[in-house]
Amino acid sequence: ANASGASECASCARGRFGATAQASGCEVCDKGRAQGQAGSTSCDLCGFGSYQNETGKSSCVSCTAPANSTTALPGQTDKDSCMCDHRDGQCRVPDEAGGERCVPCGAGITGDPSGGGALLL
């Protein structure tokens, strides 16, 4: 107890959670989840366009390859989950830096529904 008689409890650190939010019962966040706030009682699923491939992290990793990519579902655990959103008319094309990026399919570009590259017509 502290000087005022109240009990002092440590909170779960970022990237961890506990049913009581006290450090004695903390668990690490699973892959595909993160928690940026200390003292939390749960971890949040990584949202669309992000993933987390490690446990116990305070934030998710944004999809950057291909550029402008997203994920099909939240809670992804691998960067390979990042893809162009074909449901939204996006196609994967080569970029100037030797990588790939997602662009709207249109004149001269046809998307690959399997999530692969685009065909430049």
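A salt bridge is counted here when a side-chain nitrogen of Lys or Arg lies within 4 Å of a carboxyl oxygen of Asp or Glu. The model on your screen is predicted, so local features need pLDDT of at least 70 and side-chain atom pairs count only at pLDDT 80 or more, while totals for chains, interfaces and linings use all residues. Residues are numbered from 1 along each chain as its sequence is written, and side-chain values use heavy atoms, with hydrogens and water left out.

**Stop one: the charged pairs**

Begin by selecting E100 and R92, which form a salt bridge whose closest N and O atoms are 3.2 Å apart. To describe how open each residue is, the tour calls a residue buried under 20% relative accessible area, exposed over 50%, and partly exposed in between, using a 1.4 Å probe and protein chains only. By these cut-offs E100 is partly exposed, with a relative accessible area of 36%, whereas R92 counts as buried at 16%.

Next select E96 and R101, whose side chains meet in a salt bridge with an N to O distance of 3.8 Å. Here E96 counts as exposed, at 71% relative accessibility, and R101 counts as partly exposed, at 29%.

Then move to D85 and R87, another salt bridge, in which the closest N and O atoms are 3.4 Å apart; R87 is exposed, with a relative accessible area of 65%. A search of the whole structure finds 4 salt bridges, including the pair of D85 and R87. In general, side chains of opposite charge can pair when their charged atoms come close.

**Stop two: the disulfides**

Now turn to the cysteines, where a disulfide is taken to be a pair of cysteine sulfur atoms within 2.5 Å. A search of the whole structure finds 6 disulfides, and when the bonded cysteines of the protein are numbered in sequence order, the pairing reads 1-2, 3-4, 5-6, 7-8, 9-11, 10-12. The strands named below are DSSP runs of E with at least two residues, and helices would be runs of H or I with at least four, numbered from the N terminus.

Select C63 and C82, which are joined by a disulfide with an S to S distance of 2.0 Å. This pair links distant parts of the chain, 19 residues apart, with both C63 and C82 in the loop between β6 (61-62) and β7 (90-94). The link of C63 and C82 is left-handed, with -75° about the S-S bond, and both of these cysteines are buried.

Continue to C84 and C102, a disulfide with sulfur atoms 2.1 Å apart. Because C84 lies in the loop between β6 and β7 and C102 in strand β8 (residues 100-104), the pair ties together parts that are 18 residues apart in sequence. Its link is left-handed as well, with -90° about the S-S bond; C84 is buried at a relative accessible area of 1%, and C102 is buried at 3%.

**Last stop: C91 and C105**

Finally, select C91 and C105, which form a disulfide with their sulfur atoms 1.6 Å apart. C91 lies in strand β7 and C105 in the loop between β8 and β9 (109-110), so the pair ties together parts that are 14 residues apart in sequence. The link of C91 and C105 is right-handed, with 100° about the S-S bond. C91 counts as buried at 0% relative accessibility, whereas C105 is partly exposed, with a relative accessible area of 32%.
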